[in-house]
Amino acid sequence: MQKQTGPTSRLWSCIGVLLILAGWQIAAMYLGPMLMASPLDTFKNLVPMLTSTHFLDNASVSLWRIGVGVGCGCLIGFILGVLAGHNACLRGLLEPLRWVLMAMPPVVVVMLSMLWFGLGSPMVIFMTVLMMAPGMYVNTVKGMLQVDRNLVEMTHVYRFGRWRKLLHLYLPALTAPLTAALLIAACGGVRMVVMAEVLGAESGVGYALANAQSVFDNTEIFTWIILVLLLVAVIEFVLLQPLQRRMRQWQENDHV
């Protein structure tokens, strides 16, 4: 079976983007400008939006919330996952909380966060941390439990300390689940922050989206949607994919 090459995959990705744009244009023609802006109108509004203080102010607030919320959520989930991977009692103790957080609808978490923290950044960050931590926790625990027990015994024989064991045994084994969890957390964090801002914030991208929807400005709504997608693309392709490559390279070097 012939392995698919990189350029071929990128070609099909470009075709997929063109199909999405074509479907968007057909839907806009069918629904009309009152319900859906066309791709041309949206992209014509993109450059003026990018250079406006309205965009810069709201985007900077959202980026700060995403960075703090996703970063703290992933760090908490990773630390608890490492500890729970070593301790079955702690793992059993945290399991009900993990289940509650993963089963609870995000809208409910937003409502409770608004009740406890009011409107603004504390509410958005708190909600994002609660939503991001369980995914990182689950991936970390699963990776810890899949480490070869013989390798664990070898670290005991050679008297590896906790830090050395984490650095040379567990982190290389956790590379695959952690990179997947980081990608999911980053993309999911953007969605969570924007949703929280739409429902209960006084600034940010979601707040701007809600304002545009309140005055039925479909062109601005779809422009903000494109900007959110571009933000996710920057996070994935500029930050996460190079990080994933570095982590895989470090894993290979460590095994060598």
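Predicted model: local features only at pLDDT ≥ 70, side-chain atom pairs only at ≥ 80, totals over all residues.
Trainee: What parts does the pair of Arg 65 and Glu 197 tie together?

Mentor: Arg 65 lies in helix α4 and Glu 197 in helix α9 (residues 162-200), so the pair ties together parts that are 132 residues apart in sequence. Both Arg 65 and Glu 197 are buried.

Trainee: How many salt bridges are there by this rule?

Mentor: Two. Arg 98 and Glu 95 also meet in one, at 2.2 Å, N to O. They are three residues apart in helix α5 (residues 88-103), so about one helical turn separates them.

Trainee: Why is Arg 98 called buried?

Mentor: Buried means under 20% relative accessible area, exposed means over 50%, and partly exposed is in between (1.4 Å probe, protein chains only). Arg 98 has 19%, so it counts as buried. Glu 95 has 34%, so it is partly exposed.

Trainee: What makes Gly 71 partly exposed?

Mentor: Its relative accessible area is 38%, so Gly 71 falls in the middle class. Gly 71 sits in helix α4. Its C-alpha atom is 9.6 Å from that of Thr 128, 57 residues apart along the chain.

Trainee: How do α4 and α7 pass each other?

Mentor: In a right-handed crossing. That means the near helix is turned clockwise from the far one by less than a right angle. The axes of α4 (residues 53-86) and α7 (residues 121-145) come within 6 Å and cross at roughly 35°. The contact residues divide into 20 nonpolar, nine polar and one charged.

Trainee: Which residues make the nonpolar surface patch?

Mentor: Leu 75, Ile 76, Ile 79, Leu 80 and Leu 83 make a patch of about 410 Å². Patch residues need over 30% relative accessible area and no salt bridge, with nonpolar side chains joined within 5 Å and like charges within 9 Å. Ile 79, in helix α4, has 43% relative accessibility, so it counts as partly exposed.

Methods
Residues numbered from 1 in each chain as written. Heavy atoms only, no water. Axes fitted to C-alpha atoms, helices over the stretch in contact; angles between N-to-C directions. Helix = DSSP H or I, 4+ residues; strand = E, 2+ residues; numbered from the N terminus. Nonpolar A, V, L, I, M, F, W, Y, C, P; charged D, E, K, R; others polar. Areas by Shrake-Rupley, 256 points an atom, 1.4 Å probe, with all protein chains shown as cover. Salt bridge = Lys/Arg side-chain N within 4 Å of Asp/Glu carboxyl O.
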